Amino acid sequence: MVIGNGLIAKRFASFCDDERFLVFASGVSNSFDAPTTAFEREKKLLSDTLKTNQAKLLVYFSTCSINDKSMLESAYVQHKINVEKYIIANHNPYLIFRLTNPVGNSSNTHTVVNYFIKNITERHPFEVWQHATRNIIDIDDMYLICNEIIRQNLFTNSIISIANPESYSVPFIVETIEKHFGIKGNYTLAAKGDGPVIDISAIRPLFRKFNINFDQHYLSKVLQKYFPR
């Protein structure tokens with residue numbers, strides 16, 4: 001069973017007819033500019049869904065931004081913290097995946113990569129946080145890891161971070177997108193920002209199992225895969 005219709009929900013479509021699992025992938029499309037009512041709707045949908053699916057393994061997608069000091073007080077991160085606490089107190093069994101920034105075929109312009117691509121290719125002025133880092137992962141790689149954890153009953157009743165071993169500086173992400181499209185962005189640098197500290201020690205063996213290569217060309221390869229020029 002899958003709840004949601006966005007990028008993550010579509011990638012986990014193989015779980016739609018499997019009644020052992022409840023994959024809850026319904027969230028707000030613009031996580032940092034959403035009204036409080038949007039978070040309340042997500043929480044209510046989760047609560048209502050759990051009432052009729054008590055025996056299923058709940059798979060919930062949270063955020064690694066919980067570990068980013070610059071984002072900790074945001075409404076989105078506080079919402080995710082509250083939902084994590086609610087799940088732990090009210091449902092068994094569960095898996096909470098804290099995600100970074102999965103990239104795939106999505107028209108949502110509020111994701112990190114899509115936001116920069118839109119502004120660069122359309123030559124809109126934007127601000128680049130000089131000291132910020134963002135963690136980028138191919139949604140197919142994310143899926144491989146999550147699917148293995150779910151199907152093999154690993155880490156049940158745990159919170160697991162799913163991320164690239166390397167976070168990229170925002171200037172580097174912007175420069176890589178500029179090189180990919182051959183377009184110079186219209187942006188100014190701001191001396192601010194931070195990044196999450198992500199512990200992925202639990203899933204490193206899965207990187208090796210599936211031969212996921214997070215080399216120095218990883219970001220460029222993700223752009224080539226999903227954003228052909």
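In strand S2 (21–24), Phe21 and Val23 point one way while Leu22 and Phe24 point the other way, and all are buried, buried meaning under 20% relative accessible area with a 1.4 Å probe and protein chains only. Strands (E, at least two residues) and helices (H or I, at least four) are DSSP runs numbered from the N terminus. The model is predicted, so local features need pLDDT of at least 70 and side-chain atom pairs count only at pLDDT 80 or more, while totals for chains, interfaces and linings use all residues. Residues are numbered from 1 along each chain as its sequence is written, and side-chain values use heavy atoms, with hydrogens and water left out.

S2 belongs to an open sheet of five strands, whose order is S1-S2-S3-S4-S9 with parallel pairing; two strands pair if DSSP finds at least two bridges between them. At the edges stand S1 (2–3) and S9 (158–162), and each has a single partner strand, so one side of each is left without a neighbour in the sheet.

The pairs can be followed along the sheet. S1 and S2 are joined in the parallel sense by two bridges, and Ile3 stands opposite Phe24 in S2. S2 and S3 also run parallel, with four bridges between them; here Leu22 has Leu58 in S3 as its bridge partner. S3 (residues 57–63) then pairs with S4 (residues 94–99) over six parallel bridges, and Ser62 has Arg98 in S4 as its bridge partner.

Helices pack on this sheet. Helix H3 (residues 75–90) touches S3, S4 and S9, and its direction makes about 160° with that of S3. Contact means heavy atoms within 4.5 Å. Angles run from 0 to 180 degrees between N-to-C directions, and axes are lines fitted to C-alpha atoms, for helices over the stretch in contact. Helix H5 (residues 139–151) lies across S2, S3, S4 and S9 and runs at about 165° to S4.

Two further helices pack on each other. H4 (residues 112–121) and H6 (residues 170–181) make an angle of about 55°, and their axes are 10 Å apart. That angle makes H4 oblique to H6, the class left over when under 35 degrees is roughly parallel, over 145 roughly antiparallel and 65 to 115 roughly perpendicular. Which residues of H4 and H6 meet? Val113, Phe116, Ile117, Ile120 and Thr121 in H4 meet Val170, Ile173, Val174, Ile177, Glu178 and Phe181 in H6.

Methods
Buried < 20%, exposed > 50% of the residue type's maximum accessible area, 1.4 Å probe, protein only.
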